[in-house]
Amino acid sequence: MGQQLYFDNYSPVGDIIVLAICFVMLILVSNSYVNKTKNYSLFLNMIFYLILAAICDVVHHHLYAHAVNGNYTGVYVVRVLYHTFLFSILLLYIVYIVELQHLESYRKIPIMIIASIIYFTVIITDIVMTVTKTGFRLNKDGSMATGLNIFMLGYLAFMVEIIYLMIAYRDRIYKKAMFGFYGTMMVSFFILYNQGKHGQSSFTVATFLFPVIAMLYLVHSTPYDVELGAINVMAMKDLVKYYYNKKKDFLFMSLYMPDFDMEGKSIPQNLQGTIRRFASEYFKKSVLFQINNGHVLLMAPKSLNPDHENRLNKILNSFEIEYNKFKFDYKVIIGESIEEISRKNEYISFIKNIHRNMELNSVYIVSFDDVESFNRYELILEELDDIFKKRDLDDPRVLAYCQPVFNIKTKKYDTAEALMRLKLSEIGMVFPDQFIPIAEEHGYIHVLTEIILKKTCDEISRLIRDGYDVNRISVNVSVLELRDEEFIKDVDKIIGDSQIPNGKVAIEITESQNDSDFMLMKNKIDELKDRGIKLYLDDFGTGYSNMERIMELPFDIIKFDRSLVLASDSDERSEKMVGSLASMFTELNFSVLYEGVENDVDEKRCINMSASYLQGYKYSRPIPIYELNKFFSKVAG
Ligand code: C2E
Ligand code: CA
């Protein structure tokens, strides 16, 4: 290299820009939500070392320029420090990638050993060669001798290891993120190469900066929804984990608005403003997460909000005022972190489970009972999952119960409704209200129907064989099932296998509010009718019925819900109304069945209101289906 002045080709501008960018990054991360993973602290450390390296670079050139009498001790010391910081960044970079790729210990350990060997070899050699003046040194006249360029060799060794890691385990990271890293590294190489070619050194630290910017952008940035101020739900899991590991308690407040909880919908603009204000005004250090289109959740550390009860009351008061303005339906849940739920990191399903049993437009405060009910929910879900996977139509966990139905014309019990129960070893008997909604939500309902249908067919076949007069038994089917292409085929197979006539089976369906379901229902009902299967309209009177549509569907029996039986008892007008509805259906050739007949008065009234069938506790509570022979009579003769 000959005699060359050291600072000839150095300008502090590169380092000053690095310092500025580092501070910009710090401002950005402190004002945005950042996933608090282990990698995030690595990232912060790298920024810290970048700042130190840039400062050292400036300082040691400064010391050189102002050296007195050719005494360069200070320059040597700071230069070694400068190299140490740069190599620390490379070492951290390797740890960072290894963490990101979730490498197994047996892969991770050799890589870390090699990286550490390079790191210490470079630093020790640098110190030794500087002290013994066998490497880089400065002569009294300010000219320098570089000797063996250990810095460059170390740098190359690190690059080889980093490139190896990124290529060998490239599948461990999302491809686009990987390309982002490759890209920034190429820019770094290019600048370093170009710099070397021109005997420059001003941008060395900058080349270490680019991969760190890539990290911020590709890994740690969790963008806000700028309008709502919310962050996506994945970040919430990270924060729960962070609080749990640090043993910190937090408060949460969940706002669910069913009207907007659909694809393509979102919370209206003016309401977004209100939520944004709620999220930032009432709690210190709170973070708002968007769980679904119509569901947001606010989390805040408990320790920073000691007067949280006050704050909650304030928030609820303002909420009340806002509600009176907007009038959108809501469910609000408020609670504190619960060890068990944090450990499982399952706040979202925990909250959804509470929603299931909660009234619209109410505020609910979480208690320990909810944890118990959540555990019960999880157990049920697990069993349902297993029932679904096994698809054993004789699964002993699914019990067929039934309720005999009184036929007014024949004055006998010759039909019945099959009702499902679950019998689980951990919790015993489970009733439909506790598992049907879960099964529907998770797509397990059809398998349950298949099992009940199979068990019902078996019972029908047994009753017929034993000489009983079985008109038919009805089975409940969920509207969701009709969307399944295979539905008719599955029903055919089960009834076919049991070798009973199709007409011995009926299907109960509730009315659907939705247009596309209506068309679907119509097609499926026609297909079932073609096979001779009878159809019941279930729960008539519970929703907003669309008479026009009901008339279009070829139902055999309309089941008047218990609420109509109760209403007809309240006054004469109501009785007239229910009665004329029933007689209208009868005139149109539908039969009317009253559900929930509990006593003689109910019975008498229902008979007066055009009843064809009666069902309810007056006749029997639900019983195991094999006890039906106690109600049915034998065929005459
Ligand atoms: P649903 O179809 O309206 O069934 C009638 C429910 O009313 C039954 O509750 C029955 O026990 C109850 N009940 C009967 N008589 C009386 C009475 O006189 N007074 C009162 N207060 N209640 C009476 P259960 O068995 O708990 O079933 C509840 C709901 O679960 C059913 O309502 C039905 O929607 C659903 N479900 C039951 N089994 C099945 C099934 O196999 N598949 C599907 N998809 N749903 C089912
Ligand atoms: Ca029913």
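**Close-up views of a predicted model**

**View 1. Strand E17 and its neighbours.** Tyr594 stands opposite Leu614 of strand E18; helices (H or I, at least four residues) and strands (E, at least two) are DSSP runs numbered from the N terminus. E17 (residues 591–594) also pairs with E16 (residues 557–560) in the parallel sense, over four bridges, where pairing requires that DSSP finds at least two bridges between two strands. Within that pair, Ile557 has Ser591 of E17 as its bridge partner. E17 and E18 (residues 613–614) run parallel and are joined by two bridges. Together with helix H22 (residues 600–608), E17 and E18 make a right-handed β-α-β unit; right-handed denotes that, with the strands pointing away from the viewer, the path from the first strand over the helix to the second runs clockwise.

View 2. Ser88 belongs to H3 (residues 73–100). Its relative accessibility of 8% classes Ser88 as buried (under 20% relative accessible area, 1.4 Å probe, protein chains only). A polar atom of the Ser88 side chain lies 2.7 Å from the backbone oxygen of Thr84. Not counting residues up to four places away in sequence, Ser88 touches Tyr49 and Tyr119 (heavy atoms within 4.5 Å).

View 3. His308 is located in H10 (residues 308–326) and is buried, at 11% relative accessible area. Beyond neighbours within four places in sequence, His308 contacts Leu251, Phe283, Lys302 and Glu336.

**Conventions.** The model is predicted: local features need pLDDT of at least 70, side-chain atom pairs count only at pLDDT 80 or more, and totals for chains, interfaces and linings use all residues. Residues are numbered from 1 along each chain as its sequence is written, chains are lettered from A and ligands numbered from 1 in the order in which they are written, and side-chain values use heavy atoms, with hydrogens and water left out.

Methods
Buried means under 20% relative accessible area, exposed over 50%, partly exposed in between (1.4 Å probe, protein chains only). A polar contact is a pair of N or O atoms within 3.5 Å; within protein, one must be able to donate a hydrogen and the other to accept it, and residues adjacent in sequence count only if both atoms are side-chain atoms.
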